Amino acid sequence: MANRGLPLYLATLLTGLLECIGFAGVLFGWTSLLFVFKQEGYFAEPCEQDCMLRSNATGPPGSKAQDEKFSLIFTLASFMNNFMTFPTGYIFDRFKTTVARLIAIFFYTCATLIIAFTSVDTALLLFLAMPMLAVGGILFLITNLQIGNLFGKHRSTIITLYNGAFDSSSVVFLIIKLLHERDISLRASFLFLSVCSVWHIGRTLLLMPQGHIPYPLPPNYSYGLCSRFGTRKEEKKAAEHETKELQSKELSSKEESSGPGQQQPQQEQRSFRSCALSRRFILHVVWLSTIQLWHYLFIGTLNSLLTSLAGTDSVQVSTFTNAFAITQFFGVLCAPWNGMLMDRLKQKFQKEAKKTAAALCSTVPSLALTSLLCLGFILCASIPVIQLQYATFILQVISRSFLYGCNAAFLTLAFPSEHFGKLFGLAMALSAIVSLLQFPLFKLSPQNIAVYVSMGLAIFLTLAHPFLVYRECRAEKTKPSVTP
C-alpha cells in the first residue's frame with residue numbers, strides 16, 4: 001500500500017463503513033419497523049383500528065391476516081435483496097462503480113420517499129417500497145466490498161467487516177422506532193434518510209473509483225477527487241504497472257498450481273461458466289441458501305413469536321424487539337473475527353502449501369463454525385421460553401454476521417476476482433429462490449415443531465460443504481508431490 005494514498009484509502013474505508021452501517025442493510029431491522037407499522041394500524045381491520053385508538057397499549061398484538069401481509073412484504077423484500085444481486089452484480093462488473101452506485105441511490109431515495117408518504121390508506125405501497133429499499137442497500141454493499149482490495153493481506157477482514165456493518169444497519173429501524181415513541185413521525189425519519197442521498201452522491205464522486213479497484217493494487221493508485229489532480233501519463237503508468245502485476249500473479253499461480261502439461265485446465269477453470277457449474281460453487285449455494293432461509297424465517301416471524309410467548313403483552317414484546325435490534329448492531333464487531341481467522345489461516349497455510357490450497361484451507365473452519373452456530377441458534381429458538389430468546393438473539397447475530405462475511409470471503413478466495421460480482425450475484429439470486437419458502441413455512445405457524453426439526457436437520461447437512469472443501473484442498477496440496 002502506497003503511503004501517499006493511505007489517507008484516501010482510510011477515508012474510503014471509514015465512509016464506506018458508515019454507509020453500510022447507516023443504510024445498506026436496514027431491511028433486516030424489519031421487526032422494529034413492523035412494530036411501528038402495527039402501532040399506526042397498517043393493514044389492520046377497521047374494528048382493530050378502533051380498538052387500538054381506544055387503548056393505551058404501546059402496540060397492538062395484530063391479527064393473523066395482518067401478520068400474513070407483513071410476512072409477505074418481508075418475503076418479497078428479502079427475495080429482491082438476494083435475487084437482484086445477480087443483475088446488479090452484472091451491472092457492477094460491466095458498467096463499473098459509478099453507474100452501479102447511481103442506480104443504488106435512485107432505488108434507495110425512491111423507496112424512502114414512498115415510505116415517508118405512505119399512510120394507513122396507502123399501506124399497499126410498502127409492497128413496492130421495501131423491495132426497492134433492499135435492492136438499493138445490496139448495491140451499496142456490493143460496490144463497497146471492493147474496498148478490501150486497497151488493504152492487501154487484510155482483504156478478508158475488510159470484506160467481513162463490511163458484511164458485519166451491513167448486518168448492524170438494522171439498528172436504524174430501532175432508532176426510528178424509539179423516535180416514533182417520542183412523537184417523531186415516520187415521515188420525518190424517512191425524509192431524513194432521503195436527504196442523505198446527497199451524501200451518497202458526494203461519496204460516489206469524491207471517494208470512489210469510476211471503475212473497479214484492482215487487485216493486486218498498483219503503486220500510487222488513486223481515484224475519485226485525487227485522480228483529477230494526476231496527469232494522464234501517471235494514470236497510464238499506473239495502468240501499465242497494474243497489468244504487469246496481474247499478469248505476473250497469474251503466471252506465478254499457474255506455475256505453483258500445475259505442471260507444464262496442466263496449464264490448459266487451469267485456464268479453463270477461470271471462465272465464469274466453469275466456476276458457476278463447479279461442485280464447489282453449487283455446494284456453496286446450497287450451504288448459503290439453507291442457513292439464510294432459517295435466518296429470514298426467524299426475522300420475518302419474530303414479532304408473531306414474541307407475541308405468542310409474551311401472551312400478547314405489548315410492553316414485553318416491545319422490550320424484546322428492542323433487545324433484538326440492539327444485538328443486531330454488534331454484527332459489525334462479530335464479523336471481522338471471521339475475516340481475521342481466514343487471513344491468519346491463509347498466511348499459515350501459505351508457508352506449507354501453494355496459494356490456491358492455502359486460500360481454500362483458510363475457509364474451512366469458518367464454513368464449519370457458521371453451520372454449528374446456526375445449529376445452536378435454531379435449538380435455542382425452538383425452546384418456548386421467552387427469557388431464553390436473549391441467548392437466541394446473540395447466537396443469531398453471530399451466526400448471521402459469519403454467514404455473509406464467510407460467503408463474500410469464500411467467493412473472493414475460491415474463485416477468480418474478475419468473476420466476483422457475477423458469482424456473488426448468482427449465489428444470492430439462487431438463494432433468493434429458496435428464501436421464498438419462508439412464507440409457506442410461516443403459514444404452518446412459527447411455533448410448529450416440524451418446522452424446527454426439518455430446518456435443524458437441513459442445517460446439520462450443510463456441514464457437508466466444509467468437509468468437501470477440506471477434502472478438495474487436501475487433494476490440491478498433494479499435487480506438487482506428483483509433479484515436482
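Leaving aside its neighbours within four places in sequence, which residues is G25 in contact with? The answer is C20, F166, S169 and S170, where contact means heavy atoms within 4.5 Å. G25 sits in the loop between helix 1 (6–24) and helix 2 (30–40), and its relative accessible area of 0% makes it buried. Here buried means under 20% relative accessible area, exposed means over 50%, and partly exposed is in between, with a 1.4 Å probe and protein chains only.

A word on the model itself. It is predicted, so local features need pLDDT of at least 70 and side-chain atom pairs count only at pLDDT 80 or more, while totals for chains, interfaces and linings use all residues. Residues are numbered from 1 along each chain as its sequence is written, and side-chain values use heavy atoms, with hydrogens and water left out.

On the overall fold, the secondary structure comes to 23 helices and zero strands; these are DSSP runs numbered from the N terminus, with helices being H or I of at least four residues and strands E of at least two. Of the 484 residues in the protein, 55% are buried. Among contacts between residues at least 6 apart in sequence, 82% join residues at least 24 apart.

The largest nonpolar core has 118 residues, and W30, M130, L150, F190, W294 and F298 touch the most other members. Such a core is a set of buried Ala, Val, Leu, Ile, Met, Phe, Trp, Tyr and Cys residues joined through side-chain atoms within 4.5 Å. Helix 15 (residues 279–309) supplies the largest share of this core, at 14 residues. Setting aside neighbours within four places in sequence, F298 is in contact with L305, F324, F377, A381, T392, F393 and Q396.

T370 belongs to helix 18 (residues 355–381) and is buried, at a relative accessible area of 0%. Not counting residues up to four places away in sequence, T370 touches W287, I291, S399, F402, L403 and C406. C406 is buried too, with a relative accessible area of 0%, whereas C110 is partly exposed at 23%. The structure holds zero disulfides, a disulfide being a pair of cysteine sulfur atoms within 2.5 Å.

Helix 5 (residues 85–116) packs against helix 10 (residues 197–206) at an angle of about 180°, with the axes 10 Å apart. Axes are lines fitted to C-alpha atoms, for helices over the stretch in contact, and angles run from 0 to 180 degrees between N-to-C directions. The two helices are therefore roughly antiparallel, a label for angles over 145 degrees. Helix 5 brings T98, R101, I105 and T109 to the contact, and helix 10 brings S197, H200, I201, R203 and T204.

Most residues other than glycine have a negative phi. K96, in helix 5, has a positive phi near 75° and is partly exposed, with a relative accessible area of 32%.

Technical notes. Parallel < 35°, antiparallel > 145°, perpendicular 65-115°, else oblique.
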